[in-house]
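Visitor: I'm new here, and I'd like a friendly walk through this one. Could you show me what we're looking at?

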Amino acid sequence: MEQSIQAIWKQDEIPVILRRTGKGEFLRVRLPFDGNNRQWLQNARRTTPSWIASRKFWEIPKAWFDDFVNRALQKYGRLYVIQPYREQEICSPSCQNAKGHECQCSCMGVHHGAGSDGSWFEVSDAFSTRWGERELACRLMVAKTRVQ
């Protein structure tokens with residue numbers, strides 16, 4: 001994990017959930033200490049959360065994600081979500097193969113006239129795309145306050 005994401009993961013004031021997307025992987029959760037964390041996470045379900053003591057986090061099923069987020073925002077008011085993402089780049093073959101300097105492509109000239117290195121999926125003469133490497137991103141979610 002990136003250094004700032006590691007710092008967020010290790011802090012103990014705001015709950016953190018790490019979305020893992022691999023087959024058979026569980027969500028990983030860190031919560032501020034409370035003697036009732038296991039019961040709160042389980043929320044009267046049949047499945048029991050697993051405490052990974054050596055690494056100080058809980059593992060819960062992926063299907064619990066939305067419920068966990070809603071309940072954590074309700075209880076704590078804020079929550080960090082760490083999740084994988086892949087950036088999508090968009091360009092066009094006409095831009096990549098351009099000879100002049102004028103560029104009206106969404107790449108803003110980054111790939112203008114550079115040619116195609118074979119990593120692009122060419123959808124049409126006006127559109128090609130490619131996906132970056134898998135990385136982790138973090139966002140702080142804050143409960144909405146109700147105006148009365």
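Guide: Let's start with a term: on a 1 Å grid over the protein atoms alone, a pocket is an open set of points where a 1.4 Å probe fits, with protein on both sides within 12 Å along at least five of seven lines, and its lining residues have an atom within 4 Å of a point. Points are joined across faces, edges and corners, and a volume is the space filled by probe spheres set on them. This is a predicted model, where local features need pLDDT of at least 70 and side-chain atom pairs count only at pLDDT 80 or more, while totals for chains, interfaces and linings use all residues. Residues are numbered from 1 along each chain as its sequence is written, and side-chain values use heavy atoms, with hydrogens and water left out.

Visitor: How much space lies in the largest pocket?

Guide: Rolling a probe the size of a water molecule over the atoms shows where empty space is left. For the largest pocket, that space comes to about 280 Å³.

Visitor: Which residues lie nearest the centre of the largest pocket?

Guide: The lining has 8 nonpolar, 4 polar and 5 charged residues. Here Ala, Val, Leu, Ile, Met, Phe, Trp, Tyr, Cys and Pro count as nonpolar, Asp, Glu, Lys and Arg as charged, and the others, Gly among them, as polar. Of the 17 lining residues, the ones nearest the centre are Leu31, Pro32, Phe33, Asn37 and Trp51.

Visitor: Is Asn37 buried or exposed?

Guide: Asn37 sits in helix α2; helices (H or I, at least four residues) and strands (E, at least two) are DSSP runs, numbered from the N terminus. Contact means heavy atoms within 4.5 Å, and, not counting residues up to four places away in sequence, Asn37 touches Leu31, Pro32, Trp58 and Tyr76. Buried means under 20% relative accessible area, exposed over 50%, and partly exposed in between (1.4 Å probe, protein chains only). Asn37 has 4% relative accessibility, so the word for it is buried.

Visitor: Which residues of helix α1 are buried?

Guide: An α-helix has 3.6 residues a turn, so residues three or four places apart point the same way. Helix α1 covers residues 3-10, and its buried residues are Ile5, Ile8 and Trp9.

Visitor: What is the relative accessibility of Val29?

Guide: Val29 lies in strand β2. Leaving aside neighbours within four places in sequence, Val29 is in contact with Trp9, Val16, Ile17, Leu41, Phe57, Trp58, Ile60 and Phe68. Val29 counts as buried, and its relative accessibility is 0%.

Visitor: Where is Lys56 found?

Guide: Most residues other than glycine have a negative phi, and most peptide bonds are trans. Lys56 is not a glycine, yet has a positive phi of about 60 degrees. Lys56 is exposed, with a relative accessible area of 54%. Its place is the loop between β3 and β4.

Visitor: And what is phi of Asn43 near?

Guide: Asn43 lies in the loop between α2 and β3 (50-52). At 35% relative accessibility, Asn43 counts as partly exposed. Phi here is a positive value in a residue other than glycine, near 55 degrees.

Visitor: How far apart in space are Arg86 and Arg130?

Guide: Arg86 is in the loop between β5 and β6 (88-91) and is partly exposed, with a relative accessible area of 45%. Arg86 and Arg130 are 44 residues apart in sequence, and C-alpha to C-alpha the distance in space is 9.8 Å.
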